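I opened this model to look up a few residues, the sheet and the packing around it. My entries follow in the order in which I made them.

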Amino acid sequence: MNIRRLIPGEPPPMDLLLLADPSKRLVEDYIHRGHCYIGEVDSAVIGVYVLLPTRPDTVELVNVAVAEERHGQGFGKQLVNHAVRQAKELGFATIEVGTGSTGVAQLALYQKCGFRMTAIDRDFFVRHYEEEIYENGMRLRDMVRLSQDL
């Protein structure tokens, strides 16, 4: 997979971004404030992530998505590891990520890539999303926060 930064003026892959975050309003807000990277295989965009500076020396990985037909092939891990390297190259000291408490696969992925759990933001998805979100047969309520020192 070739991973590159989105070219200015190039439309972001909203279909993929909305897989990881169902709020078009929130995605459109942070996509313009962050650094968007896309993963391509044979010129087809199959993955995406966004790095969003949040505080001095800290960046957040706010959206990691892989096309559903490409799940389980290691592309998510490639994207997360690339994001960690990019954050380091950009001079950040810490990278953070937040994911749903019901996303068992995502939690495992981030920990395999060196992230450690730091906090739980209770009712995050209740407060910030108008519609209820279900994942793995459970209502998503809480966000698990993870971070990694670079």
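**Entry 1**

The model is a predicted one, in which local features need pLDDT of at least 70 and side-chain atom pairs count only at pLDDT 80 or more, while totals for chains, interfaces and linings use all residues. Residues are numbered from 1 along each chain as its sequence is written, and side-chain values use heavy atoms, with hydrogens and water left out.

Ser23 sits in the loop between helix H1 (14-20) and helix H2 (24-31). Helices (H or I, at least four residues) and strands (E, at least two) are DSSP runs, numbered from the N terminus. Leaving out residues up to four places away in sequence, I find Ser23 touching Leu18 and Tyr129, where contact means heavy atoms within 4.5 Å.

I then checked Glu131, in the loop between helix H5 (124-128) and strand E7 (134-135). Glu131 is exposed, with a relative accessible area of 67%. From Glu131 to Ser23 I read 9.3 Å between C-alpha atoms, across 108 residues of sequence.

**Entry 1: the record and the sheet**

The UniProt entry, which is unreviewed, lists "domain: N-acetyltransferase" for residues 1-136. UniProt positions are in the numbering used here, feature names are shortened, and annotations may be inferred rather than shown by experiment. Over residues 1-136 I get 32% helix and 35% strand, with the end C-alpha atoms 28 Å apart.

In what order do the 7 strands of the open sheet run? The order is E1-E2-E3-E4-E5-E9-E6, with mixed pairing; two strands pair if DSSP finds at least two bridges between them. Strand E1 (2-5) and strand E6 (116-121) are the edges, each pairing on one side only. From one strand to the next the twist averages 25°.

**Entry 2: E5 and its partners**

Is strand E5 largely enclosed or open? I noted that 6 of the 7 residues of E5 are buried, so E5 is largely enclosed by the rest of the structure. E5 (residues 94-100) runs antiparallel to strand E9 (residues 143-149), joined by 7 bridges. Gly98 stands opposite Arg145 in E9. With E4 the pairing is parallel, over 4 bridges, and there Thr58 has Thr94 in E5 as its bridge partner.

E6 is hardly covered: among its 6 residues, the count of buried ones is 0. E6 pairs with E9 in the antiparallel sense over 5 bridges, and Ile120 has Val144 in E9 as its bridge partner.

I picked out Arg116, which is in strand E6. Arg116 counts as exposed at 64% relative accessibility. Beyond residues up to four places away in sequence, Arg116 touches Arg145, Leu146 and Ser147. The C-alpha atoms of Arg116 and Arg145 are separated by 8.5 Å, with the two residues 29 apart along the chain.

**Entry 3: helix H3**

H3 (residues 75-89) lies across E1, strand E2 (35-41), strand E3 (44-55), strand E4 (58-66), E5 and E9, at about 35° to E3. Axes are lines fitted to C-alpha atoms, for helices over the stretch in contact, and angles run from 0 to 180 degrees between N-to-C directions.

I checked the length of H3: its 15 residues should span 21 Å at 1.5 Å a residue, and its end C-alpha atoms are 21 Å apart, which agrees. The expected span is 1.5 Å times one less than the number of residues. Among the buried residues of H3 are Phe75, Leu79, Val80, Ala83, Val84 and Ala87. After H3 comes Gly91, with a positive phi near 95°.

**Entry 4: the cores**

Which residues touch the most other members of the largest nonpolar core? They are Tyr49, Leu51, Leu61, Ile95, Tyr110 and Phe115, in a core of 25 residues. A nonpolar core is a set of buried Ala, Val, Leu, Ile, Met, Phe, Trp, Tyr and Cys residues joined through side-chain atoms within 4.5 Å. E2, E3, E4, H3, E5, helix H4 (104-112) and E9 each give two or more residues to this core, and H3 gives the most, with 6 residues. Apart from this core lies another, of 21 residues, including Cys36, Phe125, Leu140 and Met143.

Conventions:
Buried means under 20% relative accessible area, exposed over 50%, partly exposed in between (1.4 Å probe, protein chains only).
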